[in-house]
Amino acid sequence: RVGIDHCLVNPGAYWQQVEFIGADRAAGVQRCNDFLAERLSEHRHRLHGVALIDCSDLRAAAAELERARGRGHRAFFLYTVDGRPPGDVPFGHPSWDVVWRTAVANGMVAVIHVGNTASSFAGWADIGWDLPGGGGVTALTRLANTQRHHVAQNMISSLLYGGVFHRHPNLTVLIEEMKLAWLPSFIEMCTRQSMPNPGLGDWPYQVSGGDMLRRALRVTPLPGFGDNEALDVLAALPEMVEFSSDYPHMEGNVDPIALYETAFPTKLSEIDRQLRTRFLGATMAECFARTGDPL
């Protein structure tokens with residue numbers, strides 16, 4: 001009714017319980033993926049599940065990706081463990097290539113979701129929140145929520161400088177619910193850090209770091225949570241910003257097109273028609289198409 005032809009469907013909050021089941025995590029991941037596939041099975045031509053993987057065994061994770069794709073999933077979650085990469089193997093390490101290779105071969109997108117970017121608070125969380133005059137537990141929660149995009153930046157930096165986007169140029173990484181305002185300056189900084197200079201030496205790849213990021217990264221606004229710069233960031237980074245509704249979350253919206261017309265200083269109807277078409281789906285359609293498995 002709203003006009004959404006294809007939708008990535010995240011797993012429910014049960015995904016966040018998987019980390020508590022220890023040695024049974026791999027089995028739990030499969031159950032979660034099967035559950036979501038079954039719920040979407042009648043509409044799998046347009047509702048595409050986001051799979052979970054267990055990163056303790058990367059070859060097994062790749063095998064689960066392939067199995068999940070057979071059940072209709074078109075994306076999968078990345079995650080951190082207390083701010084560190086799972087298994088202490090960063091995403092840019094060549095050990096992860098088996099996952100990236102499988103993702104591209106099966107037409108799947110990697111997702112960095114706000115709920116999977118746990119940070120490490122060793123030392124920093126001891127702010128006296130529980131002492132007289134302290135801000136209470138909500139002060140600790142607010143502190144925690146300032147760290148999410150820093151963790152995402154670490155993940156992206158690992159992928160870029162570890163050469164993943166060089167070795168797997170058709171890989172797409174989608175950043176969900178991480179706000180947008182930080183993105184232009186971060187992309188500009190990474191672009192600058194990727195340029196040859198006397199202090200850092202030559203850039204080792206033919207494609208510039210900035211071009212790699214603009215090709216590989218996509219980011220979605222959080223329409224009901226104050227992403228007021230969404231369409232301005234779209235104008236600055238037209239290749240990277242992709243429509244989302246986050247329905248049916250409380251910060252989502254049942255009529256997202258109307259929200260983009262009323263909630264932002266720049267209105268969706270006021271931007272260039274070609275840019276609007278890209279934002280409303282063409283950009284993500286291109287990402288799937290370049291894997292050889294288009295929507």
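Colleague: Which residues point one way from S2, and which the other way?

Modeller: Leu47, Gly49 and Ala51 go one way, while His48 and Val50 go the other, and all are buried. Buried means under 20% relative accessible area, with exposed over 50% and partly exposed in between (1.4 Å probe, protein chains only). Keep in mind that this is a predicted model, where local features need pLDDT of at least 70, side-chain atom pairs count only at pLDDT 80 or more, and totals for chains, interfaces and linings use all residues. Residues are numbered from 1 along each chain as its sequence is written, and side-chain values use heavy atoms, with hydrogens and water left out.

Colleague: What counts as a strand or a helix here?

Modeller: Both are DSSP runs numbered from the N terminus: helices are H or I with at least four residues, strands are E with at least two. Strand S2, for instance, covers residues 47-51.

Colleague: In what order do the six strands form the sheet?

Modeller: First the general idea: strands of a sheet pair through backbone hydrogen bonds, either parallel or antiparallel. Two strands pair here if DSSP finds at least two bridges between them. In this model the order is S1-S2-S3-S4-S5-S6, in an open sheet with parallel pairing. At the edges sit S1 (7-9) and S6 (217-219), each pairing on one side only.

Colleague: How many bridges do S1 and S2 pair over?

Modeller: Three, in the parallel sense, and cysteine 7 stands opposite leucine 47 in S2. S2 and S3 pair over two bridges, with phenylalanine 76 in S3 as the bridge partner of alanine 51.

Colleague: Through which helix does the chain cross from S2 to S3?

Modeller: Through H2 (residues 58-70), in a right-handed β-α-β crossover. Right-handed means that, with the strands pointing away from the viewer, the path from the first strand over the helix to the second runs clockwise.

Colleague: And the nonpolar core: which residues have the most contacts inside the largest one?

Modeller: A nonpolar core is a set of buried Ala, Val, Leu, Ile, Met, Phe, Trp, Tyr and Cys residues joined through side-chain atoms within 4.5 Å. The largest has 61 residues, and Phe76, Leu78, Val99, Trp100, Phe165 and Leu217 have the most contacts inside it. Helix H5 (residues 148-161) gives the most to this core, with six residues.

Colleague: How many residues does H5 have, and how far does the helix reach?

Modeller: H5 has 14 residues and reaches 20 Å from first C-alpha to last, close to the 20 Å expected. That expected span is 1.5 Å times one less than the number of residues.
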